[in-house]
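Open the model in your viewer and keep the selection tool ready.

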Amino acid sequence: MVTKAEELLRCSERERARDGRRRRRREERENRREEELRSGADRMLRVLLGCFALCVICGRSKPTEKKSRVIRPPQHDGDTNYDHEAFLGPDEAKTFEQLAPEESRRRLGIIVDKIDSNRDGFVSEDELKLWIRRSQQRHVDDSVDRQWNDFDLNNDGLISWEEYRNVTYGSFLDDPHADSDYNYTQMMVRDERRFRVADTNEDLMADKREFSAFLHPEHHEYMKYLVVQETMEDIDKNGDGFIDLKEYIGDMYTAEEGKEEPEWVETERQQFSEFRDKNNDGKMDREETLDWILPSDYDHAEAESKHLLHESDVNKDGKLTKKEILDKYEVFVGSQVTDFGEALLRHDEF
């Protein structure tokens, strides 16, 4: 007999897995955009060899990533990379992946002491949830800070659309007819539209809050319909303004000859029919897509904290000791002994 608490946990785990799929798909799109950047930078070096300073600026810049939350499903049930990114933030997770197990445990112990805000010797679900939310926000803030000086060329504390466009698309603007594998015109139009939506006072100048909304629109409520629009543009291959079942599945999975279809694909078909397509017309409109990619009733930090507690709470008392967390360190931070080892740069807090 399944208890109500167990069923709630199962529902939370299913939604957490879907969130992981959305996040992984976003990573793939970010990686593709990095490829586009590298191609553009290489082309610029060929065209503007005499303009060294401009080459340096454009070589460091990058177009805005497509921030769709539709992410390719993981190929296994125990997606520890998802846990690591949620607990540490994407940047810190990458650092921890390079550490020896002993160093991972040592650093994790320091983090546990920080999470235990009331110093009672335990980590509660609420403390975990607060830490995960802070990790998410820190990732966004660090991303904005890292890129700010690349674009604020006149150091006036604002980034204009003209500054962003010239740094990101300078080589294309100088030679729009040069051969390229990428549609820079389309990318620039899309970026300008996002910049204008993020620019709340409509002066085509972004302060840090507006630039954060531009780079990470999924974290800002007033950008949510732009996220939906960009997602639908990516997935709606026939251009009818809707996402049908074939497009929904096709965005996550491409059949390979001779390979059996994973079970999760059929599960996603059922999800589409039973939950995504709420009015049963065979396709998703804007509101249905919004409910899919940015569900209002789903709290990522809460779902992840419940999952980490479930995985690590050996005595099932609803809270974690430092020992319970360190014994399950691979769930929280992972380990991968590589050539980098102890040569990695150490953060001040460690």
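Is Lys 208 buried, partly exposed or exposed? Select Lys 208: it is partly exposed, with a relative accessible area of 41%. (Buried means under 20% relative accessible area, exposed over 50%, partly exposed in between, using a 1.4 Å probe and protein chains only.)

This is a predicted model, in which local features need pLDDT of at least 70, side-chain atom pairs count only at pLDDT 80 or more, and totals for chains, interfaces and linings use all residues. Residues are numbered from 1 along each chain as its sequence is written, and side-chain values use heavy atoms, leaving out hydrogens and water.

Lys 208 forms a salt bridge with Asp 145, with the closest N and O atoms 3.0 Å apart. (A salt bridge is a side-chain nitrogen of Lys or Arg within 4 Å of a carboxyl oxygen of Asp or Glu.) Lys 208 lies in helix α9 and Asp 145 in helix α6, so the pair ties together parts 63 residues apart in sequence. (Helices are DSSP runs of H or I, at least four residues; strands are runs of E, at least two; both are numbered from the N terminus.)

Next, select Arg 190 and Glu 233. Their closest N and O atoms are 3.8 Å apart in a salt bridge. Arg 190 sits in helix α8, Glu 233 in helix α10. Arg 190 is buried at 11% relative accessibility, whereas Glu 233 is partly exposed at 39%.

Last stop: Lys 129, in helix α6. Lys 129 is buried, at 14%. Leaving aside neighbours within four places in sequence, Lys 129 is in contact (heavy atoms within 4.5 Å) with Ala 301, Glu 302 and Ser 305.
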